[in-house]
Each structure stands twice: as structure tokens, then as C-alpha cells.
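I opened the model today to go through its strands, then its helices. My entries follow in the order I looked things up.

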Amino acid sequence: MTGPYVIRDSVNGEGDGLFATRDIRAGETVVEERPLVAIDLSKGRFLPNRSLPLARIYDEWNKQLSDPKERKDYLKLSHHESDAQLAQNRKDALTSNPEAGKSIAIWNNNCLGTGSHDLYSKVSCRINHSCQKNATWGGNGERFVVRAIRAIKKDEEVLISYISLAQPRKMRSDQLRQGYGFVCNCPACGKDFDQQSDDRRKIVCSLNKKLPKVVAAAKLEKFDKVVRPEHVKSCEDAVALLKEEPTMIDELFVKQELLAHLYRIEKKHPAASSMIQQAYEGARLCRGDGDEHTERIKHALQGLQSLIQS
């Protein structure tokens, strides 16, 4: 695995970090790698709701991470001792090996979830978090990709977000402390944080709570059964606010895609076409051409353009 990066001590002195070895363009792939361990989430997660048997997690980790050096490097990664003890005490761990609890706790602290899989990757897991990230990530059980969402200067640290940034500072802080065991001191969280930005994120978080039924319907293509004017207004407001937050472009293009579909249901085809075009540009930046999500938006854009021209 090679790319425009080097792994070295992070600027905050806490573990490794990924740094650019040259200027990186917005939309450029920083890291592309095959995960060392990939666990299918079709049967649920193991923490915090503990629905996935720990024995399966440990067995998969033990089987997939067979290289002694990779295993040794993995076991050096950070984790919560409380998680390790919790895992070790679980009756379904089915092992007295003290390595089991630790390996699962490390997994919980270092894996990256894509929705369909939890993944551990050699390079990507060493990228640190920031609530003002400069890169985004995604993947599946076969491939993991990190892309720059803005220009990254040579020697600048590459930073992603471990959580949704559509939350106010306090909520993000609690989630990171409880889930990952650290306090975020990035510019969006430190003492000189931007209050206006935080207020926008708080509103987006509130708006997101109004849209789950619409999002669920979107997956089933049953918009016409649930869409109401207040849903469209909430989505419009969220898009407007997210446009003020450049580091949240990956959340923006998803909302733009949803809003385009809502406009389509309302027969506002020109507005829908314009919005899906913006979503497509965001998807290309964050996910790249050929990505499944990007291609789906591209197909929707082509359909709307054909509808308008007919």
C-alpha cells in the first residue's frame, strides 16, 4: 500500500497519525486498501447493544488477522480496559484466553463502520478524528477508501470524523469520550470554538430527527405515502445550514439527494434536477466516480434530465 502519506507521531502526541507527503487535491484518493479484518454486520453489532456474539467477533479476528506482525501491531492499539473486562466476562466469549477481551475492546475502539461491515485496516485505522475533518471515508468488505474533501497541504495531518458531525459540541464530546475514550480539542470543540457553527449543527441535529420516516420511505421508494410539506421544509433548512459547513459535505450531498427526491414527488422537476446535480458533485468529491452511491445519484440525475427534456 502506497500513497501520498506517511504514518508518524500525531501532532497532539497521542499515538500515530497520517500526514501528507505532498499537496493533495480535493477529491483525490489518499488511501485505498483492503481491510485486514472485515466483519459482516448483517447479524447486528456487538457493542454497545451487544447483539452480536463476542465469540464470532473473536473467531473472525483470530482467523483473518493471522500474520504475527500484523497481530502484534493490532494489539498495541488503544482500547478501554473496561471494554476488555466486559468482553472477557461475557459468557458467550467461549474462551479463557486473556487476549480475547483485549482484541474485542481494541476492535470496538479502532474499527470503522461502513453500514454493512465493520472494518480494521492497516493504514486507515491510524487516521485521527477531527470535527473539522479534511477527508472522508467509506468502503465495504473488500475495499476501504479515504478521500480528501478539501486541499491538504504537504505535512498537514489527514483527519476524518469517527461520528456524525451533525450534532452540537456537547453531544459530540460525550459520544467521543464514551465511545472512543478521548476528549476532542479540534477547532470545532476547543475553547475558541465557533458558536455560530455549533448552533447550525444543533439545528441540523434537530431537523434530522424529523426525517427518519422519510429516509426509511426513500429506501423503499414510497415517498408519496409519507411526504408532507413540513418534511420538504425541514430538508431544505438542513441543506441550507450544511452548505455553511464545508467539512460536512458528505452529510450535505446525502440531504441534497433526499431533497431532490422530495421535489420530484412534488413534480418540481427543474428544482429536483438542480438539487440532484449538486448531490452528484458532492458524491463524486467524497466517494469518487464508480462508487455505488455516486452511480445511483448519477442514474437519478439522468432520469430527471430525460423527464424535463421529454
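I began with S3 and S9, which run antiparallel and are joined by four bridges. Strands here are DSSP runs of E with at least two residues, helices are runs of H or I with at least four residues, and both are numbered from the N terminus. Two strands pair if DSSP finds at least two bridges between them. Across this pair I found Glu-32 opposite Val-145 in S9.

Before going further I noted the ground rules. The model is predicted, so I kept in mind that local features need pLDDT of at least 70, that side-chain atom pairs count only at pLDDT 80 or more, and that totals for chains, interfaces and linings use all residues. Residues are numbered from 1 along each chain as its sequence is written, and side-chain values use heavy atoms, with hydrogens and water left out.

Next I asked which sheet holds S3 and S9. It is an open sheet of three strands in the order S3-S9-S8, with antiparallel pairing. The edge strands are S3 (29-33) and S8, and each pairs on one side only. Neighbouring strands of this sheet are turned by 10 degrees against each other on average, direction ignored. For such angles, axes are lines fitted to C-alpha atoms, for helices over the stretch in contact, and angles run from 0 to 180 degrees between N-to-C directions.

I then followed S9 (residues 144-148) to S8, its antiparallel partner over five bridges. The two strands form a hairpin with four residues between them. Ala-135 stands opposite Ala-148 in S9. Is S8 enclosed or open? Four of the five residues of S8 (residues 135-139) are buried, so the strand is largely enclosed by the rest of the structure. Buried means under 20% relative accessible area, exposed over 50%, and partly exposed in between, with a 1.4 Å probe and protein chains only.

I looked up the other three-stranded open sheet, with the order S4-S6-S5 and antiparallel pairing. S4 (37-40) and S5 (112-113) stand at its edges with a single partner strand each, so one side of each has no neighbour in the sheet. S4 pairs with S6 (residues 117-120) over four bridges, in the antiparallel sense. Ala-38 has Leu-119 of S6 as its bridge partner.

I turned to the helices. How do H6 and H8 cross? The axes of H6 (residues 195-208) and H8 (residues 229-242) come within 10 Å and cross at roughly 155 degrees. The two helices are therefore roughly antiparallel, a label for angles over 145 degrees. On the H6 side, the contact is made by Arg-200, Ile-203, Val-204 and Leu-207. H8 brings Ser-234, Asp-237, Ala-238, Leu-241 and Leu-242. Contact means heavy atoms within 4.5 Å.

Leaving aside neighbours within four places in sequence, Glu-257 is in contact with Ile-276, Ala-279, His-293, Arg-296 and Ile-297. I also noted 9.1 Å between the C-alpha atoms of Glu-257 and Ala-300, which are 43 residues apart along the chain.

The chain has eleven helices and ten strands. Of its 310 residues, 51% count as buried. Among contacts in the chain with a separation of 6 or more, 65% are between residues 24 or more positions apart.

Notes: Parallel < 35°, antiparallel > 145°, perpendicular 65-115°, else oblique.
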